[in-house]
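Here is a short briefing on one protein model. Look at the structure first, then work through the points by topic.

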Amino acid sequence: RRKERLHIGITCYPTHGGSGVIATELGKWMAERGHEVHFITYDMPFRLGRFDRNIFYHGVEANQYAVFKYPPYDLALASRMAQVAKVHHLDLLHVHYAVPHALCAYLAKQMVGPELKVVTTLHGTDITVLGEDSTLRDIICFGIRESDAVTAVSRDLVKQTRELFRIERQIDLVHNFVDCRVYYPREVSGWRREIALPGEKILLHISNFRPVKRVEDVIRIFDRVLKQVPARLLMIGEGPEWSRAVQLVQELNIESHVEFLGKKDEVAHWISLADLLLLPSEKESFGLVALEAMACGVPTVGSKTGGLPEVVIHGETGYLAEVGDVEAMARYAVRLLTDPDLHRRFSENGIARAREFFCVDRVAEQYEAIYRRVLGEG
Ligand code: GMT
């Protein structure tokens, strides 16, 4: 029998990061559709924002007892999941990121009973980085095998997961998405005049400044572009490579052209200011920010890696080159910044592509179908 109102538990990393954004936005969407959504996380997801009577938040705190060298967070999460599942009659736990969330959900299911279903969404580094770690490999594989459904955010990630773990089981491809009511080209011309001089192009990079993002390449690409086009670079986000990035900007003597803006929650306006997004990552299972940019009409120049070619269509909505090929990326950037017709075409192609394939309503329906399938309703 089909249940109109599903009771869904969601666990993710609630801090800045694509997987947390997707989990939060999906939860908000499900709540809007009338389902009851329970976030079970160590902190309030940063995009949760507004009040909604269908959304509940349950914090998780690990016991800090002196005997423990490592506070048992995973156990605290598993036991909180089980508690919430019992009290609020959850139908399923949808966990984002295999480690440790898929394993915690497995434990919770053992505690609650087989009627509690587990859906695991793989986001990338849980597989491409942690899957290579010999201490975690087998347990990740176990978490994937034991989930009632497993989804991955790109075709490339489905393939990598299969290859790395030699898994036969069904893995559903469900691409990431944007809320097209939030991500569209915003009118920011007045603000733009405050940020850049007339005739200056604006390049943008947004990330968590982890080594995989190759932030040094962002700056080296920009330095090359600057030799041919008057431009400014806006850097949004913070992370381990932030200081190195600031240092490189000083070494190249381009401080007056680069602004480090720190973390920003709502980025649609910032993106709309830009002419181009730079995303030269080493690995990128999807590249959510490239989709956010595309929806706002901003082409991406980046690397041909992971799932990024499924988002950015080379020669139509942006340009992709081999990882580390800053010369080629700079050439592509200059081409787009100096040919207004080409830029307009890429921008329009991107908006149309985002609306056709990557809007939340379309994608969330795929998740709902998976929920119904594991509950035996599909
Ligand atoms: O890229 C990161 O550093 C963060 C990580 C995350 O957990 O949010 O991003 C991964 O998941 C995102 C959402 O599905 C994808 O858009 C990113 O491409 C993916 N990152 C990598 O594969 C490196």
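Helix H6 lies across E5, strand E6 (149-152) and E7, and runs at about 125° to E6. Helices (H or I, at least four residues) and strands (E, at least two) are DSSP runs, numbered from the N terminus. Axes are lines fitted to C-alpha atoms, for helices over the stretch in contact, and angles run from 0 to 180 degrees between N-to-C directions. This is a predicted model: local features need pLDDT of at least 70, side-chain atom pairs count only at pLDDT 80 or more, and totals for chains, interfaces and linings use all residues. Residues are numbered from 1 along each chain as its sequence is written.

**The sheet**
- Seven strands form an open sheet in the order E3-E2-E1-E4-E5-E6-E7, with parallel pairing. Two strands pair if DSSP finds at least two bridges between them.
- Strand E3 (55-59) and strand E7 (172-173) stand at the edges. Each has a single partner strand, so one side of each is left without a neighbour in the sheet.
- Strand E1 (residues 7-11) pairs with strand E4 (residues 92-96) in the parallel sense, over 4 bridges. Here Ile 8 stands opposite Leu 92 in E4.
- Helix H3 (residues 101-112) packs on the sheet and touches E1, E4 and strand E5 (117-122). The direction of H3 makes about 165° with that of E4. Contact means that the C-beta atoms of two residues, placed from the backbone, lie within 7 Å.

**The two domains**
- Domain 1 covers 7-177 + 359-374, and domain 2 covers 189-357. These bounds come from an automatic or database domain assignment.
- The C-alpha centres of domain 1 and domain 2 lie 30 Å apart.
- Domain 1 gives 17 residues to the contact, and domain 2 gives 12 residues.
- On the domain 1 side, helix H1 (18-32) and helix H6 (155-165) are the elements that give two or more residues.
- That side of domain 1 divides into 6 nonpolar, 8 polar and 3 charged residues. Ala, Val, Leu, Ile, Met, Phe, Trp, Tyr, Cys and Pro count as nonpolar, Asp, Glu, Lys and Arg as charged, and the others, Gly among them, as polar.

**A helix pair**
- The axes of H1 and helix H15 (residues 360-374) come within 10 Å and cross at roughly 85°.
- That makes H1 roughly perpendicular to H15 (angles of 65 to 115 degrees count as roughly perpendicular).
- Glu 25, Leu 26, Trp 29 and Met 30 in H1 meet Val 360, Ala 364 and Tyr 367 in H15.
- The residues of this contact divide into 6 nonpolar, no polar and 1 charged.

Conventions
Parallel < 35°, antiparallel > 145°, perpendicular 65-115°, else oblique.
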